[in-house]
Every structure is written in structure tokens, then in C-alpha cells.
Amino acid sequence: FKHMRNHIFLKASYQKGYQNKAIFQNNGFSHFRYTFMMHSILGYEIFTQTEFDTFKSLELRQLLGGGLRTELSFLKYFKFNSGLGLMNDFEQLQNNIKNSDTRINSYFVVKTILNKEASSFFSVVIYYQPLLFTHSDYRIKNEANLKSFLGKLKNTKIHTIMSFVYLYDSMPPAGIITNDKILKISINLDW
């Protein structure tokens with residue numbers, strides 16, 4: 001949602017999957033971000049995030065942070081955003097281990113509009129989040145999305161979103177792999 005210089009972003013998901021009566025996926029995620037653009041290309045933002053993932057031994061992860069954001073547009077259909085700031089990263093693992101660290105939060109977003117009237121686009125988001133004073137402990141998230149228009153029902157546009165996500169944690173909890181890949185296809189309704 002954008003209104004003048006105020007931008008609000010909210011994203012939430014919950015996924016649970018069974019195969020042969022055994023759970024193979026159980027995770028949830030919510031993210032809220034408020035950005036105030038002081039100028040057409042520069043703003044500041046605050047955000048909070050909560051998530052869990054039982055297959056990564058993550059009972060709870062809470063982020064709270066803020067920083068600066070830039071927004072640039074080129075050739076009418078191409079956008080580049082970036083952000084740099086700090087965040088508090090609290091984690092509670094299933095074995096009752098709790099961590100609270102300060103991380104650098106940096107990200108880059110490249111988005112190209114494929115069809116403005118149909119709200120179709122391709123985007124790539126890259127996050128790099130090292131610990132503030134121990135840069136060998138870092139996390140990377142790379143997400144690519146393709147949003148394609150399927151049709152319209154009254155005032156609602158229907159899209160598919162194909163996403164590929166690559167996650168890397170240089171120092172994950174014991175017994176958890178360092179990288180993860182997720183491919184998903186979802187239905188999106190815009191009204």
C-alpha cells in the first residue's frame with residue numbers, strides 16, 4: 001500500500017504439509033514494514049517480523065529493525081530498491097536455546113513490470129544479514145518471483161505467482177543444513 005510518501009507492506013503465510021500421514025512441512029511467517037519517503041529516492045523504514053519453522057528447529061524468530069531505503073525507477077518499467085540498517089534478531093530453538101543478536105540488514109530489489117494493466121512483473125530480492133561484529137556469521141536470502149495475470153472476476157484480478165527462494169545460513173543450529181531451496185506456485189487475488 002502506498003499513499004503519497006507513506007508505504008506500508010504486510011506479508012503473512014502459514015504452510016503445513018502431510019505425506020502418508022507424516023508432517024513434512026510446518027512453518028509460519030509474518031512481516032510488517034513501514035517506509036516514509038523523505039524525498040523521491042530516499043526514505044527511512046522500520047519493520048518487524050515473526051516466524052517459526054519446526055524443520056529448522058526454530059520455535060520463534062522475531063526481528064525488529066530500521067534503516068534507510070532508496071527507490072529508483074528507470075525506463076518506466078524497471079525499479080531498483082535497496083536498504084541498509086540494523087535489526088535485533090531474537091531466536092528460540094526447540095532445545096530451549098535462546099539467542100539475541102544485532103545484525104546488519106541489507107537488501108536489494110530489482111523489479112521489472114511486464115504488463116502494468118495486468119499487474120504482471122518479475123522481481124529478484126537479495127538479503128544479506130551478517131552479525132554486527134562477527135561477519136563470518138551471516139544469512140542470505142535470494143527470492144525470485146514471476147507474477148502472471150490469469151484473468152479478472154468482477155473487480156478482482158487473479159494471478160499466479162511462481163517463486164524460487166534460496167536460503168543460506170553460515171552458522172545454523174546443530175543438525176540443520178546450511179542451505180535450503182523452496183519452489184512454490186501460488187494464487188494471488190488483487191482487489
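Here are a few friendly notes on this predicted model, arranged from the overall sheet down to single residues.

1. Let's start with the fold of the strands. Eleven strands make an open sheet in the order S1-S2-S3-S4-S5-S6-S7-S8-S9-S10-S11, and their pairing is antiparallel. At the edges sit strand S1 (2–3) and strand S11 (179–190), each of which pairs on one side only.

2. Strand S4 (residues 42–53) and strand S5 (residues 58–74) run antiparallel and are joined by eleven bridges. Across this pair, isoleucine 46 stands opposite glycine 66 in S5.

3. Next, the surface. Phe1, Ile8, Leu10 and Phe32 together form a nonpolar patch there, with about 440 Å² of accessible area. One of these residues, isoleucine 8, belongs to strand S2 (residues 6–19). Its relative accessible area is 34%, so isoleucine 8 counts as partly exposed; the partly exposed class runs between the buried limit of 20% and the exposed limit of 50%.

4. You will find valine 124 in strand S8 (residues 120–130). With a relative accessible area of 24%, valine 124 is partly exposed.

5. Which residues does valine 124 contact, leaving aside its neighbours within four places in sequence? They are Phe108, Val109, Val110, Asn142, Glu143 and Ala144. Serine 57 makes a handy distance check: its C-alpha atom and that of valine 124 are separated by 27 Å, and the two residues are 67 residues apart along the chain.

Note on methods
Residues numbered from 1 in each chain as written. Predicted model: local features only at pLDDT ≥ 70, side-chain atom pairs only at ≥ 80, totals over all residues. Heavy atoms only, no water. Patch = residues over 30% accessible without salt bridge, like charges linked within 9 Å, V, L, I, M, F, W, Y side chains within 5 Å. Areas by Shrake-Rupley, 256 points an atom, 1.4 Å probe, with all protein chains shown as cover. Salt bridge = Lys/Arg side-chain N within 4 Å of Asp/Glu carboxyl O. Helix = DSSP H or I, 4+ residues; strand = E, 2+ residues; numbered from the N terminus. Buried < 20%, exposed > 50% of the residue type's maximum accessible area, 1.4 Å probe, protein only. Pairing = 2+ DSSP bridges. Contact = heavy atoms within 4.5 Å.
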